[in-house]
Amino acid sequence: MPIFETIKRSSQTKARLGILTTNHSKIKTPAFFPVATQGAIKGLFIKDVEDIGIKGVLVNIYHLYLRPGIEVIEELGGIHRFMNFSGTVISDSGGYQVFSLETFRRLRDDGVEFQSHIDGSSKFFSPQGVIISQLRIGSDIVIPLDECVRLPVDKDRANIAVERTIRWAKLSKEIFENNKREGTIFLGVVQGANFLDLREKCLEELLKLGIDGIAIGGLSVGEPAEIRYNVISFLTDKIKNDYLCYFMGYGKPQDIIEAVERGIDLFDCVIPTRMARTGTAFSSYGKLVIRNSPYTKDSSPIDDTCDCYVCKNFTRGYLRHLINVKEISGVQLLTYHNLWWYNKFIEKIQRAIEEDNFLQFKQDFLKKFKVE
Ligand SMILES: [Zn+2]
């Protein structure tokens, strides 16, 4: 059985419909995975996450390694049992977190030394160790350690990061092959900043390793949209039908549409859950800052076109009240709605590709959805 297959392509754009098969679920793509950094979707029971129809989540090896520790999750039956989640789990290598640490970190050829942000103790991540950690927790999709550079960056520096990323990917793939559970998916992280020749070199070297798909790294870090779209289009032009294309850490609705149009299959992002915690809800008209005073006596639901439990039962005025008095259920209800809304949004994208009217869908959606 193929891990990923394209089942339909848009005739006007590079948008495509696919099926991703993991050890835990079959997922129709384009797909969006919410982020469960610490092994939980913040503010929501995992039962609710499943009820909404979410087929996969992203966990973070950096955080799980520090707390509770890989061996704890392994002893408690692996990440699915630990969280009681029956869908697909992608584990991020933690590279991005390590490279973003404000505290001490030192890059070595064999890995990266860093200081835990929790207790300051010194730690070391090697490419091999990071893969083993992901396999020990029973992740369905593993991601090798890579070097992410901040933009803007000069070409020589970007090239050093690409070469290190390739070298580490080789070591990662080797240890993966010797220790994997059948059916586990290995993605290669394509780095290279805004330099297309470096992106190409990275992609080609990764494809030689026999990866199952690519994760586009080092973007969505504040660069102009034009650079981002350029890199995405360049890479998806070179990818065949049976390779999954995953854009890491990217997920505003308007951005998802633009990336799907350019051939991206998979997204993860903290936006819907994080926004909920700050009292912001998604609607077909744009973002709604529900904690604001105009909603005090508003008797309408968050989104009159949404048929989720929250929109069917609660007013904006009540939700605003819960958020303002810091009732936990306020966050819970907004998170539920936001994930439901995202899930429906993705389903609409899938339908538009299925019916081959993606561009019309994009136009209609963006006309209504206010982007600030
Ligand atoms: Zn709703």
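The following legends describe an overall view and several close-up views of a predicted protein model.

**Figure 1. Overall dimensions and composition of the predicted model.** Local features are reported only at pLDDT of at least 70 and side-chain atom pairs only at pLDDT 80 or more, whereas totals for chains, interfaces and linings use all residues. Residues are numbered from 1 along each chain as its sequence is written, and side-chain values use heavy atoms, with hydrogens and water left out. The protein contains 15 helices and 16 strands; helices (H or I, at least four residues) and strands (E, at least two) are DSSP runs, numbered from the N terminus. The C-alpha trace spans about 60 × 50 × 40 Å along its principal axes.

Figure 2. Of the 372 residues, 56% are buried, where buried means under 20% relative accessible area, exposed over 50%, and partly exposed in between (1.4 Å probe, protein chains only). The accessible surface comes to about 16,000 Å², and carbon and sulfur atoms account for 48% of this surface; areas come from the Shrake-Rupley method with a 1.4 Å probe, and for residues only the protein chains shown count as cover. The mean positions of the 49 positive and 47 negative charges lie 4 Å apart. Lys and Arg count as positive and Asp and Glu as negative, without His and the chain ends; each charge is placed at NZ of Lys, CZ of Arg, CG of Asp or CD of Glu.

**Figure 3. The open parallel sheet and its edge at S5.** An open sheet is formed by 8 strands with parallel pairing, in the order S4-S14-S13-S12-S11-S10-S6-S5. Strand S4 (31-34) and strand S5 (56-60) are the edge strands, each pairing on one side only. Two strands are taken to pair if DSSP finds at least two bridges between them. S5 runs parallel to strand S6 (residues 88-92), with 5 bridges joining them, and leucine 58 stands opposite isoleucine 90 in S6.

Figure 4. In strand S11 (residues 185-190), 6 of 6 residues are buried. In a regular strand the side chains alternate between the two faces of the sheet. Ile185, Leu187 and Val189 point one way from S11, while Phe186, Gly188 and Val190 point the other way. S10 is joined in parallel to S11 by 2 bridges, with valine 142 opposite phenylalanine 186 in S11. Between S11 and strand S12 (residues 213-216) there are 4 bridges, also in the parallel sense, and valine 190 stands opposite isoleucine 216 in S12.

**Figure 5. Surroundings of cysteine 148.** Cysteine 148 occupies the loop between strand S10 (141-142) and helix H7 (155-179). The residue is buried because its relative accessible area is 16%. Apart from residues up to four places away in sequence, cysteine 148 touches Tyr96, Phe99, Gln191 and Gly218, a contact being heavy atoms within 4.5 Å. Its C-alpha atom is separated by 25 Å from that of glycine 138, 10 residues apart along the chain.

**Figure 6. The hairpin of S15 and S16.** Strand S15 (residues 280-283) pairs with strand S16 (residues 286-289) in the antiparallel sense over 4 bridges. The hairpin joins the two strands through 2 residues, and alanine 281 stands opposite leucine 288 in S16.
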